[in-house]
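Open the model in your viewer and follow the stops below. Each stop says what to select and what is there.

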Amino acid sequence: MTGSDLLLELDGVSMQYGRGETAITALAGVDLSVRRGELVAVMGASGSGKSTLLTVAGGLTPPTSGEVIVEGHWLSQLSARELATLRRRSLGFVFQDFNLIPSLTALENVSLPLELDGWTSKKAHRPALDALNVVELGDRANHFPSDLSGGQQQRVAIARAVVGGRSLILADEPTGALDSTTGELVLRMLRSRVDAGAGGILVTHDARHAAWADRIVFLRDGRIVDESRASAVSSLLSGLPA
Amino acid sequence: MSVRQSLLAILNQGPCYGYQLRAEFDRRTGSTWPLNVGQIYNTLDRLERDGLVQKADIDADGQNYVEITTAGRAEVAEWLGSPVVRTMATRDELAIKLAIAVTLPGVDIAQVIQVQRTQAMRTLQELTRTKNATADPESSEQLAWLLVIDLLIFAAEAEARWLDHSEHRLARARSAGLAEPLPLNTAVPKRGRPAKTVQASA
């Protein structure tokens, strides 16, 4: 592994809300890294700091102390403008409620991050269509979100998160609003994007969905208390039928 | 035991010999619970004793075929048509461990739960990874294997959820001042069976 494989590094990240006696510690000295090709799940009870971790990792909120490093850039050293550019070019967010813009088609939703970055819509449509094809929705490119099922909307959101070569996907309960089978399909897509060279953090309370990750970290009271790492070869089963 | 009925159900498709039955059982269950050939022959002996199978032809290679009887077919239909009832007969080591741990002084029960949760999640990850190696089933054999994997996945998930639930229950009990260690009972328990109590008539 080389240094360039490192997409995200949290180094001693702490986050406090409020001051003095009423201060609440949401994160307390969290160290976490995500490499290319790696999906890291974050699990923990409500209030354990999962969502705060994602917000800080995505540069949406600066930590009280510690450093967040995205693709080699120290977020604390970037201007607001540079930070916004980095977020647009390197990070893709996937939310529980999809967050698609209802008045835009699937293709326009996926193109949007590129257009915000100065691409013409004509130029942005090609990579956007590629991204939709990857999540097997190329034939729905001109549909509006209201014409798509929940699972299809979430797949559009994944396409939007990875369009234009953005490599770090930050997903907050992406399967929370989906039924079990559709949720699994969405995770399979997320997994395949990571296997194709992206990296990601998956915040979830669902054990079966967290199991799609290479590593699972457990948060309690803002601290990582344990980690589960899948071994390369399963010792549990003799394998696929021929 | 399901081995008996499973072999009988396979024989319902046509006569088989011992090694063949073992291979058929394995490929239909993803080799998740491999059987040794001794188990196969013991089971066949009992099935024959009970009149559910009978000896059939011996082929040119000297393989002794066994075929199902009418009574055997009826048993297969009965098996497929009735539910599997899971019993509480087997002690659940994890439930016992947590139940005991919660009554002991000086045990970090949250840590006991976390250690187990990490193990459950690792199992779940390995199963998911194995399952992810195949997409949609292309054969009945793969479909059967996926059903078995799914069951193991849901079982591991259930354990993880039970651990989460137990953790919350303990936290609530603690904040209510409960969940105190249980001191040893110094009253010597009487030997033998407990004395019968006379039930009040209704």
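**Stop 1: a hairpin in chain A**

Select β4(A) and strand β5 (residues 73-74) of chain A: they pair in the antiparallel sense over two bridges. Strands here are DSSP runs (E, at least two residues), helices are runs of H or I of at least four residues, and both are numbered from the N terminus. Two strands pair if DSSP finds at least two bridges between them. Click A:Ile69; its bridge partner in β5(A) is A:Trp74. Two residues lie between the strands of this hairpin, and A:Glu71 takes a positive phi near 45 degrees.

This is a predicted model: local features need pLDDT of at least 70, side-chain atom pairs count only at pLDDT 80 or more, and totals for chains, interfaces and linings use all residues. Residues are numbered from 1 along each chain as its sequence is written, chains are lettered from A and ligands numbered from 1 in the order in which they are written, and side-chain values use heavy atoms, leaving out hydrogens and water.

**Stop 2: the neighbouring pairing**

β1(A) pairs with β4 (residues 65-70) of chain A in the antiparallel sense, over five bridges. A:Leu10 has A:Val68 as its bridge partner in β4(A).

**Stop 3: the open sheet**

Now select six strands of chain A, in the order β6-β7-β8-β3-β9-β10. They form an open sheet with mixed pairing. Its edge strands are β6 (91-94) and β10 (223-229) of chain A, each pairing on one side only. Inspect β3 (residues 39-43) and β9 (residues 215-220) of chain A: they pair in the parallel sense over four bridges. A:Val42 has A:Val217 as its bridge partner in β9(A).
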